[in-house]
Amino acid sequence: MKFNTGDYKLSMFTENECEDCFKLKDILKNNNISFSNNNNRWDFIDAERENNGFNWFTPVLIIEDSEGKTTYIPSVQGTVNCDDGLCMNDVTSENVLKVLKPFLV
């Protein structure tokens with residue numbers, strides 16, 4: 001399985017002192033999935049406001065398709081159910097690959 005770089009671009013919101021951010025980067029690197037980093041806090045705040053539903057925590061996966069549509073997959077805490085793949089409760093290899101499945105070939 002490989003990230004479909006022909007149709008999608010992967011980036012993420014991270015923070016410098018974020019254990020889950022380090023874990024996510026390692027998971028992506030170990031699975032040969034290339035990504036870029038977005039450390040702009042204002043972009044994060046704007047994206048969170050535009051995509052109401054629950055509070056986001058870093059890291060947040062950002063997937064942009066070839067037509068410019070952006071999908072955000074944030075980390076969340078608490079009682080939010082992420083079974084539908086729209087968020088990650090825990091940053092584990094299993095969870096990351098689960099939410100990326102629609103974007104893999």
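Two strands are taken as paired if DSSP finds at least two bridges between them. I note at the outset that the model is predicted.

**Entry 1: the hairpin.** I looked up the hairpin of β3 and β4 and found four residues between the strands. Within this hairpin, glycine 68 takes a positive phi near 95°. The pairing of β3 with β4 (residues 70–75) is antiparallel and runs over six bridges. I recorded isoleucine 63 opposite threonine 71 of β4.

**Entry 2: the other partner of β3.** I then turned to β1 (residues 8–13), which is joined to β3 by six bridges, again in the antiparallel sense. Here phenylalanine 13 stands opposite valine 60 of β3. I also checked burial along β3 and found seven of its nine residues buried.

**Entry 3: aspartate 65.** I located aspartate 65 in β3, which spans residues 57–65. Which side chain of opposite charge is nearest to aspartate 65? I found lysine 69, at 5.6 Å. A salt bridge requires a side-chain nitrogen of Lys or Arg within 4 Å of a carboxyl oxygen of Asp or Glu; aspartate 65 is buried and has none.

**Entry 4: what aspartate 65 does meet.** I looked for backbone partners of the aspartate 65 side chain. A polar atom of that side chain lies 3.0 Å from the backbone nitrogen of glycine 68, the residue with the positive phi in the hairpin. The backbone nitrogen of lysine 69 lies 2.9 Å from a polar atom of the aspartate 65 side chain. Leaving aside residues up to four places away in sequence, I found that aspartate 65 touches Asp7 and Tyr8.

Note on methods. Residues are numbered from 1 along each chain as its sequence is written. This is a predicted model: local features need pLDDT of at least 70, side-chain atom pairs count only at pLDDT 80 or more; totals for chains, interfaces and linings use all residues. Side-chain values use heavy atoms; hydrogens and water are left out. Helices (H or I, at least four residues) and strands (E, at least two) are DSSP runs, numbered from the N terminus. Buried means under 20% relative accessible area, exposed over 50%, partly exposed in between (1.4 Å probe, protein chains only). Lys and Arg count as positive and Asp and Glu as negative; His and the chain ends are not counted. A polar contact is a pair of N or O atoms within 3.5 Å; within protein, one must be able to donate a hydrogen and the other to accept it, and residues adjacent in sequence count only if both atoms are side-chain atoms. Contact means heavy atoms within 4.5 Å.
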